[in-house]
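Subject: Structure handover

Hello,

Here is the structure you will be taking over. Please look through it first, then read the notes below.

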Amino acid sequence: MREKNNWTPSEKRCGEMLASLVSINTCQPEGNEERLTDWIIERLPRKAEYTRISHGGGRASLVVKIAGRSEKGGVALIGHIDTVTCGNVNEWKDPPHQAVIREGKLYGRGAADMKGGDAAMLLVMEQLCGEEICLEKPVYFCFTADEENQGIGICAVADGGFLKNVDEVLICEPSDSRISICEKGALWLSVSVTGVSSHASRPDLGVNAVEAAYTFAEQIKQYINEKETHPILGAATASVTKLTGGIMTNMIPPHAELEMDIRTVPGISHSDILAYAKTSAENLKERFPGIRMDILVMNDRPAVETEEDNACVKRILKLADEMGMDPAPRGTYFYTDASQLIPKLPVPFVIAGPGDDKLAHCTDEYIEISSVALFAEFYYRYITDNYTAP
């Protein structure tokens, strides 16, 4: 193990790097992440190897590798480079891609979610290569497209076998200066309901699609509410996020469209939920004779976790404590690239990155630049403490 060499990038350097990333528009649904991967490639240190993964339509992901003495093992740092849409730009105090800095904060779309994490990753990569540190095992820096939608980037990284030998994964999403060891899963359902219209004075002659839809939703919510809670993430939830139907006040509605957002915790099977949903829809035919319900899965990402007593988690929490962070592990309520990577690559992972996750997707999104410096130091120390050659 090499002698410890602490390093912290200046806030000025962090702000410059982050501003460059935020100024490149990678908003969904277009993404256009290819522009950002090309920008990164142009600035890669000579020591870094890279593979650019094209997804077509201006979308791309990037895997950068700093080789070690051994090809086996190593650690992967992962950050997505797409962002959600800016919404109504007129509601922003500053243009969302102008990357305005005020009082130690950088404002802009993606500042917290998660170009702050991307900036920290790039700064660490530059530092490792600049010092010409000899690594015992490889370190990977993965910049993925489309995390905010279907996850084509992380799926391509996983399916391409780029990380097949790694020992552990750090997801560099915002974690509010703490370490997250688990995240909720997401199961999104779209339900199309077909009934029979009639005059509202004779509901017995029709089949009310709207009533059937919300009856279905209530049954799903009750099913989810009866599930066991998780010690960190708490309870699973089921929310109706869209319900449309009806023609006129005096007509029994023959059609309804329902969407549900179900957030699960580790231990809850999505296939069990789907089986229950289909059984519930079938059973509702007794209460609503002639009803038809078609269920479509819009999104299916399982909950994932790493046990607190895992050696990787212990090392990371110890370092967090040494650096003045809260060493108590937390959970992440939204899904990350881990939801599509870890089921295919079952290695220990944590979610740890700069920024407050409560600011993700908000108008006037911002990040404390000091948190980028903090996590750049954190990643650097973890890599040099655990992966450098003697």
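A disulfide is a pair of cysteine sulfur atoms within 2.5 Å. This structure holds zero disulfides. Cys27 is in none, and its nearest cysteine sulfur, that of Cys86, is 3.6 Å away.

Some ground rules. This is a predicted model, where local features need pLDDT of at least 70, side-chain atom pairs count only at pLDDT 80 or more, and totals for chains, interfaces and linings use all residues. Residues are numbered from 1 along each chain as its sequence is written, and side-chain values use heavy atoms, with hydrogens and water left out.

**Cysteines.** Cys27 counts as buried, at 8% relative accessibility. Buried means under 20% relative accessible area, exposed over 50%, and partly exposed in between (1.4 Å probe, protein chains only).

**Strands 1 and 2.** Helices (H or I, at least four residues) and strands (E, at least two) are DSSP runs, numbered from the N terminus. Two strands pair if DSSP finds at least two bridges between them. Strand 1 and strand 2 run antiparallel, joined by seven bridges.

**Arg52.** This residue is found in strand 1. Arg52 is partly exposed, with a relative accessible area of 32%. Arg52 and Val63 are 11 residues apart in sequence, yet 6.5 Å apart in space, C-alpha to C-alpha. Contact means heavy atoms within 4.5 Å. Leaving aside neighbours within four places in sequence, the contacts of Arg52 include Glu34, Asp38 and Ser61.

**Helix 4.** This helix covers residues 152-159, and its buried residues are Gly153, Ile154, Cys155 and Val157. What covers them includes strand 1 (49-56), strand 2 (59-66), strand 3 (75-80), strand 6 (139-144) and helix 8 (338-341). Just after helix 4, Gly161 takes a positive phi of about 75 degrees.

Best wishes
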